[in-house]
Amino acid sequence: VNTPVKVKGVDGSGFLSNITKISCSNHCLALASDGTLYSWGYNDYGGLGDASTTERKTPVEVLYSGDPVSNISAGFIHSALTTTTGKVYCWGGNGNGQVGDNTSGTNRKIPTQVVGVGNSGTLEGIRDVTCGDSFTHAIKDSDGSVYGWGKQLYGMIGNGQNSGNATTPTPVILASDSSAVTGITQISGGGDFALMLKSDGT
């Protein structure tokens with residue numbers, strides 16, 4: 001298709017409407033104004049969150065029924081959402097621990113809550129989340145600090161490591177003095193890298 005087309009509704013009936021946020025990679029996510037989260041596309045690793053690994057050519061509902069969704073992100077083979085209460089859920093490919101549930105190698109076909117730093121409790125107080133190629137970043141609402149987990153190759157998490165995996169959230173640090181990054185307002189995960197924007201415009 002070389003011109004835009006409307007996205008059809010569930011089961012190909014009608015069209016999606018009242019969508020407030022979208023995110024796409026190998027698959028797509030769309031959040032509706034009533035809080036329903038839709039997904040479609042590539043699904044070999046369960047990134048659509050519909051408890052299957054079946055490719056979907058029209059939207060299906062993500063099997064999530066927790067607190068209201070605030071932000072969404074579609075990664076290479078996994079997905080993530082944040083809630084209005086500051087929680088984080090991930091699902092899909094987990095070969096590098098990018099789901100953040102202190103496991104690796106076991107894919108998650110439905111949203112799974114991300115654990116806290118050091119596998120203590122659950123990650124809370126989060127404003128936004130972004131997914132890259134097998135890694136995830138989340139911004140803490142109170143001070144703009146950032147946590148990362150998943151594939152550490154090439155240093156894309158920003159926690160001072162450049163090999164192995166982080167299966168639980170780790171603080172992102174500055175290269176200059178290894179202090180925690182703060183004041184981040186926006187973050188974007190790429191293939192093997194990430195970019196962050198600070199409140200001072202840097």
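Q: What do the words buried, exposed and partly exposed mean for a residue?
A: Buried means under 20% relative accessible area, exposed means over 50%, and partly exposed lies in between. In this predicted model, Arg 127 counts as partly exposed because its relative accessibility is 28%.

Q: With which residue does Arg 127 form a salt bridge?
A: A salt bridge here is a side-chain nitrogen of Lys or Arg within 4 Å of a carboxyl oxygen of Asp or Glu. Arg 127 forms one with Asp 141, and their closest N and O atoms are 3.1 Å apart. Arg 127 belongs to strand S9 and Asp 141 to the loop between strand S10 (135-140) and strand S11 (146-151), so the pair ties together parts 14 residues apart in sequence. Asp 141 is partly exposed, at a relative accessible area of 46%.

Q: Are Asp 133 and Lys 151 buried or exposed?
A: Both Asp 133 and Lys 151 are buried. They form a salt bridge whose closest N and O atoms are 3.7 Å apart. Asp 133 sits in the loop between S9 and S10 and Lys 151 in strand S11, so this pair joins parts 18 residues apart in sequence. A network of salt bridges links Asp 133, Lys 151 and Asp 192.

Q: How many salt bridges does a search of the whole structure find?
A: The search finds 6. One of them joins Lys 87 to Asp 67, with the closest N and O atoms 3.1 Å apart.

Definitions and conventions. Residues are numbered from 1 along each chain as its sequence is written. This is a predicted model: local features need pLDDT of at least 70, side-chain atom pairs count only at pLDDT 80 or more; totals for chains, interfaces and linings use all residues. Side-chain values use heavy atoms; hydrogens and water are left out. Helices (H or I, at least four residues) and strands (E, at least two) are DSSP runs, numbered from the N terminus. Buried means under 20% relative accessible area, exposed over 50%, partly exposed in between (1.4 Å probe, protein chains only).
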